[in-house]
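Biologist: Could you walk me through this model, starting from the inside? I'd like the cut-offs along the way.

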Amino acid sequence: MNLKFLEAVFGKMGQFIYNKANGIDDSEVAPHGDRKSISTEHTFESDVKDLRTLENILIAMTEELSGKLRRENKLASCLAIKIRYANFETHTQQQKIAFTAAEHILIPGVKNLLRKAWNQHRPIRLIGVRLSNLCSGSYQINLFEDNEERIRLYQAMDNINFRFGDKTVCRASGMEIGARTFNPFLAK
């Protein structure tokens, strides 16, 4: 559009619109900020009341998120779950944790939050996991709880998954969720 026409129609904003449309902008460029949280959620085709199904979904989502954290060299210090019931009422539960990206710490925390937040008499339509308060860094080995085998296991799993795709190696309970859409151990 012609600048004079835009100014006639929009007044002082005509110049602003003209400049934006032509890629002219004198405002300061702000660098992209670091990610503060990472999350995923799953909506069920039909509402779910089975604890094992819910836990399996949460395990799969937690594995996915912790793998992304390790790939991006990040750690989380807050763990949260989201539950949406059949009537669309939504509840969240969260807890602070030591900085980590390790499933053996995150999965028990997620299961515990599910037990705290969920009313077992009500079916669930959607469930989600969020890891937040992210910072750069690698997993700090716990002197009393971790061992060399566990650390090497995480490294081997990450190397395989980074090379061949997410969920190439994962817990059997979460095989039907995310990138892998089948579980070879379940007969259909």
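**Core, helices and salt bridges**

Modeller: The largest nonpolar core has 28 residues, and Ile83 and Ile127 have the most contacts inside it. A nonpolar core here is a set of buried Ala, Val, Leu, Ile, Met, Phe, Trp, Tyr and Cys residues joined through side-chain atoms within 4.5 Å; buried means under 20% relative accessible area, exposed over 50%, and partly exposed in between (1.4 Å probe, protein chains only). Bear in mind that this is a predicted model, where local features need pLDDT of at least 70, side-chain atom pairs count only at pLDDT 80 or more, and totals for chains, interfaces and linings use all residues. Residues are numbered from 1 along each chain as its sequence is written, and side-chain values use heavy atoms, with hydrogens and water left out.

Biologist: Which elements give two or more residues to this core?

Modeller: Helices (H or I, at least four residues) and strands (E, at least two) are DSSP runs, numbered from the N terminus. On that basis, the contributors of two or more residues are β1 (37–48), α3, β2, α4 and β4 (124–132).

Biologist: What is Ile83 in contact with, leaving aside neighbours within four places in sequence?

Modeller: Contact means heavy atoms within 4.5 Å. With those neighbours set aside, the partners of Ile83 are Glu89, Thr90, His91, Leu114, Ala117, Trp118, Ile124, Leu126 and Ile127.

Biologist: At what angle do the axes of α3 and α5 cross?

Modeller: Axes are lines fitted to C-alpha atoms, for helices over the stretch in contact, and angles run from 0 to 180 degrees between N-to-C directions. Helix α3 (residues 51–71) and helix α5 (residues 148–164) have axes that come within 11 Å, and the crossing angle is roughly 90°.

Biologist: Which residues make that contact?

Modeller: By class, the contact of α3 with α5 has two nonpolar, one polar and three charged residues. (Ala, Val, Leu, Ile, Met, Phe, Trp, Tyr, Cys and Pro count as nonpolar, Asp, Glu, Lys and Arg as charged, and the others, Gly among them, as polar.) From α5 come Tyr154, Asp158 and Phe162, and from α3 come Gly67, Arg70 and Arg71.

Biologist: How many salt bridges does a search of the whole structure find?

Modeller: The test is a side-chain nitrogen of Lys or Arg within 4 Å of a carboxyl oxygen of Asp or Glu. Searching the whole structure that way, the count is seven.

Biologist: Which residue meets Arg115 in a salt bridge?

Modeller: Arg115 sits in helix α4 (residues 103–117), and its partner is in helix α3, 60 residues apart. The N to O distance is 2.7 Å, and the partner is Glu55.

Biologist: How far apart are the closest N and O atoms of Glu103 and Arg70?

Modeller: Glu103 lies in helix α4 and Arg70 in helix α3, so this pair ties together parts 33 residues apart in sequence. Both Glu103 and Arg70 are buried. Their closest N and O atoms are 3.1 Å apart.

Biologist: What about Glu64 and Lys68: what is the N to O distance there?

Modeller: Glu64 and Lys68 are four residues apart in helix α3, so about one helical turn separates them. Glu64 is partly exposed at 24%, and Lys68 is partly exposed at 27%. Their salt bridge has an N to O distance of 3.5 Å.

Biologist: Is Phe88 buried or exposed?

Modeller: Phe88 is in the loop between β2 and β3 (90–100). Its phi is positive, about 75°, although Phe88 is not a glycine. With 54% relative accessibility, Phe88 counts as exposed.
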